[in-house]
Amino acid sequence: MKKYNFYAGPSILSQYTIKNTAEAIADFAGTGLSLMEISHRSKEFIAVMDEARALTKELLDVPQGYDVVFLGGGASLQFCMAPYNLLETKAAYLDTGTWASNAIKEAKIFGQIDVVASSKESNYTFIPKNYLIPADADYFHFTSNNTIFGTELRQEPDSPVPLVADMSSDIFSRPVDISKYVLIYAGAQKNLAPAGVTLIIVREDALGKVTRQIPTMLDYRTHIKKESMFNTPPCVPVYAALQTLKHYRELGGVAAIEKLNLAKAQLLYDEIDRNRLFKGTAAPEDRSIMNVCFVMNDEYRELEDEFGKFAASSGMIGVKGHRSVGGFRASIYNAMQIDGIQALVDVMKSFEKAH
Ligand SMILES: *Cc1c(COP(=O)(O)O)cnc(C)c1O
């Protein structure tokens, strides 16, 4: 039976990425050595890092004056690293979920945090609108895709101050106007690579403005200057990221990928809305095209366990919802193809027929 990977993260990667990385683990760039044992200072690996940075710039149309950095520490490290480097007195944050509130908690260590709006009271089922961003904030931080709650901000909010975004779970899913941001960060394990590396896009002239001292490793300027080679980078995840980026270029870039993503999400949401057993949890206008959250309709609640087992036994892996939402979550990142969505839809239809 074919298995489809709906895990939220680490999550599905393209066969292109997996196959090429496996080959390089056996023999990297014709060196006769494994990617796992080669020096990061070798010319072969430096070429990988350079190409990964260049291809990120190409795919996301990163303007002049911005740098692309690959770092360890996960997106969670960026929750403190961003304010460490950018927050002098006050910053504005939008609270749209668990990751956003984790970012808020860390930022509070560094200055005054103005939480402009929160949907916590409704268990983050929607993205707040019509809030005011103070013009004297150093930046406005938001999470573009709320991986756990299945909501997404696919258009930048109007802001009088520069934007900072956690794009861990929707980076490369669509074009982004980078010029509106001073910083974008994304853990790799959703749309890019295995866990272990974080992608950072940072505007150089936004740095060096805070008066505090920044430890060397936590200062973006260190890693910009050393081209992501200040210390040993996570070589295998960076190599895998490069394969994914090459694959994205072959697919026609992020605009072409967005079209595929919209069609995939539509197919699944249409079934959720049609099927009498299920309902979506996120407000329709804020639905994520990466993480699709749904539950059993109230009158079918007792079927939840049974559907979970039925889906798993039909090859649908990782469809269980996060504990803070319950029900089900299908993560349909870039590497998920439409046949996987169709397979899940078919499983939902046959479960409906049986009940
Ligand atoms: C997964 C995720 C994180 C956490 O990433 P780590 O690499 O585990 O620190 C943060 N933000 C978002 C939006 C995520 O999806």
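**Exercise 1. State which domains supply the lining of the second largest pocket, and describe that lining.**

*Step 1.* Domain 1 (15-250) and domain 2 (253-354) each contribute at least three residues to the lining of the second largest pocket; the domain bounds come from an automatic or database domain assignment. The model is predicted: local features need pLDDT of at least 70, side-chain atom pairs count only at pLDDT 80 or more, and totals for chains, interfaces and linings use all residues. Residues are numbered from 1 along each chain as its sequence is written, and side-chain values use heavy atoms, with hydrogens and water left out.

*Step 2.* The volume of the second largest pocket is about 340 Å³. A pocket is an open set of points on a 1 Å grid over the protein atoms alone, where a 1.4 Å probe fits, with protein on both sides within 12 Å along at least five of seven lines; lining residues have an atom within 4 Å of a point. Points are joined across faces, edges and corners, and the volume is the space filled by probe spheres set on them.

*Step 3.* The lining has 22 residues, of which A8, G9, W99, T147 and K190 are the closest to the centre. Helix 3 (74-86) gives the largest share, four residues; helices (H or I, at least four residues) and strands (E, at least two) are DSSP runs, numbered from the N terminus.

*Step 4.* Sorted by class, the lining comprises six nonpolar, 12 polar and four charged residues. Here Ala, Val, Leu, Ile, Met, Phe, Trp, Tyr, Cys and Pro count as nonpolar, Asp, Glu, Lys and Arg as charged, and the others, Gly among them, as polar.

**Exercise 2. Describe the largest pocket in the same terms.**

*Step 1.* Its volume is about 520 Å³, and among its 26 lining residues I12, S14, A335, M336 and Q337 are the closest to the centre.

*Step 2.* Helix 7 provides the largest share of this lining, five residues. The classes are 13 nonpolar, nine polar and four charged.

**Exercise 3. Determine how the rings of F142 and Y181 are arranged.**

*Step 1.* The structure holds 16 aromatic pairs. Rings of Phe, Tyr and Trp (its six-membered ring) pair if their centres lie within 6.5 Å; planes under 30 degrees apart are stacked, over 60 edge-to-face and the rest tilted.

*Step 2.* The centres of F142 and Y181 are 6.2 Å apart and the planes stand at 40°, so the pair is tilted.

*Step 3.* F142 belongs to strand 5 (residues 140-143) and Y181 to strand 9 (residues 181-187), so the pair ties together parts 39 residues apart in sequence.
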